[in-house]
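Here's a quick briefing to read alongside the model. Keep the viewer open while you go through it.

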Amino acid sequence: MSAPVFITAASISAELHQAMMEARGLALTAKNARALAVRAGSRTVGFRAITDFIEELASAIIQQSQAINNDAEHLSNQAVSAWRSDMANERFHWVRAQNSTHADSISGRILACEQRSGSLNQELQPGLRRLIDQLEESRKHIRTANLIATSSHVEASSAGDFRGQLEVIADNIRETAERIGGHLNRANALLSQNHRERKAAC
């Protein structure tokens, strides 16, 4: 019953790893943009302020992705324990069905195993919910990044000879944010589907 949870956790970890790589690229883009804005002088004061915010945002995405990944790993370990307990429970039931003469001797173990399986599976629910909430928080950062990309285009328009270069950077910010958003959306979809299926099974 719980096997899909740790498979899902592994898939989420892969998506978050890609999101972190993209966020590191976004931080580098911000550094390059700041250097260019300094060269452009007073015409890009607004752009320089935006690059500071982009760098902070990239750092926040990286930190949050790492935190979510740690929680996903913990959830995966819980799911493995629950899956093993479910498998043991199934084996006990199979033994009792095959050999009724020993049914009484394993009834206590079956009851204990069922209780442990139920407890472990119930513990997974709040963990899944927390991960969903954390992913939604990260997705808010991406919506902010898209707004920043739009502001970057506006600021670039007044940069004179540097306009073209700054517009390329603004496009890069938007494209990177969209890729990070894609990874987070896929992670969220995997997790939400698993959460719904487990709630329906309870």
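This is a predicted model: local features need pLDDT of at least 70, side-chain atom pairs count only at pLDDT 80 or more; totals for chains, interfaces and linings use all residues.

Residues are numbered from 1 along each chain as its sequence is written, and side-chain values use heavy atoms, with hydrogens and water left out. In brief, the protein chain has 4 helices and 0 strands, with helices and strands taken as DSSP runs numbered from the N terminus (helices: H or I, at least four residues; strands: E, at least two).

**Confidence**

- The protein chain has a mean pLDDT of 76, and 83% of its residues reach 70 or more; pLDDT is the predictor's confidence in each residue, from 0 to 100.
- Going element by element, mean pLDDT is lowest in α3 (75) and highest in α1 (80).

**Overall fold**

- Follow the sequence and the pattern you get is α-α-α-α.
- Of the contacts in the protein chain with a separation of 6 or more, 82% are between residues 24 or more positions apart; a contact here is heavy atoms within 4.5 Å.
- The protein chain has 202 residues, and 42% of them are buried. Buried means under 20% relative accessible area, exposed over 50%, and partly exposed in between (1.4 Å probe, protein chains only).

**The nonpolar core**

- In soluble globular proteins, nonpolar side chains tend to be buried together.
- Here the largest nonpolar core counts 42 residues, and Leu166 and Ile180 have the most contacts inside it. Such a core is a set of buried Ala, Val, Leu, Ile, Met, Phe, Trp, Tyr and Cys residues joined through side-chain atoms within 4.5 Å.
- At least two residues of this core come from each of α1 (3–40), α2 (45–98), α3 (103–156) and α4 (163–201). The biggest contributor is α1, with 12 residues.
- Not counting residues up to four places away in sequence, Leu166 touches Leu36, Thr44, Phe47, Ala156 and Ala159.

**Salt bridges**

- The count is 11 salt bridges, where a salt bridge is a side-chain nitrogen of Lys or Arg within 4 Å of a carboxyl oxygen of Asp or Glu.
- Glu15 and Arg186 pair up through their side chains at 3.3 Å, N to O. That links distant parts of the chain, with Glu15 in α1 and Arg186 in α4, 171 residues apart. Glu15 is buried at 16% relative accessibility, whereas Arg186 is partly exposed at 42%.
- Arg179 bridges to Glu22, and their closest N and O atoms are 3.1 Å apart. This pair also links distant parts of the chain, Arg179 sitting in α4 and Glu22 in α1, 157 residues apart. Arg179 is partly exposed, at 37% relative accessible area, while Glu22 is buried at 18%.
- Glu55 and Arg34 form a salt bridge too, with the closest N and O atoms 2.4 Å apart. Glu55 lies in α2 and Arg34 in α1, so the pair ties together parts 21 residues apart in sequence. Glu55 counts as buried at 19% relative accessibility, and Arg34 counts as partly exposed at 25%. Salt bridges with shared partners join Lys31, Arg34, Asp52 and Glu55 into one network.

- Glu55 touches Ala27, Ala30, Lys31 and Arg34, leaving out residues up to four places away in sequence.
- Asn188 sits in α4 and is buried, at 12% relative accessibility. Its contacts, not counting residues up to four places away in sequence, are Ile132, Leu135 and Arg139.
- Arg24 is in α1 and counts as partly exposed, at 40% relative accessibility. Leaving aside neighbours within four places in sequence, Arg24 is in contact with Ile62 and Gln66. The C-alpha atoms of Arg24 and Ser59 are separated by 7.8 Å, although the two are 35 residues apart along the chain.
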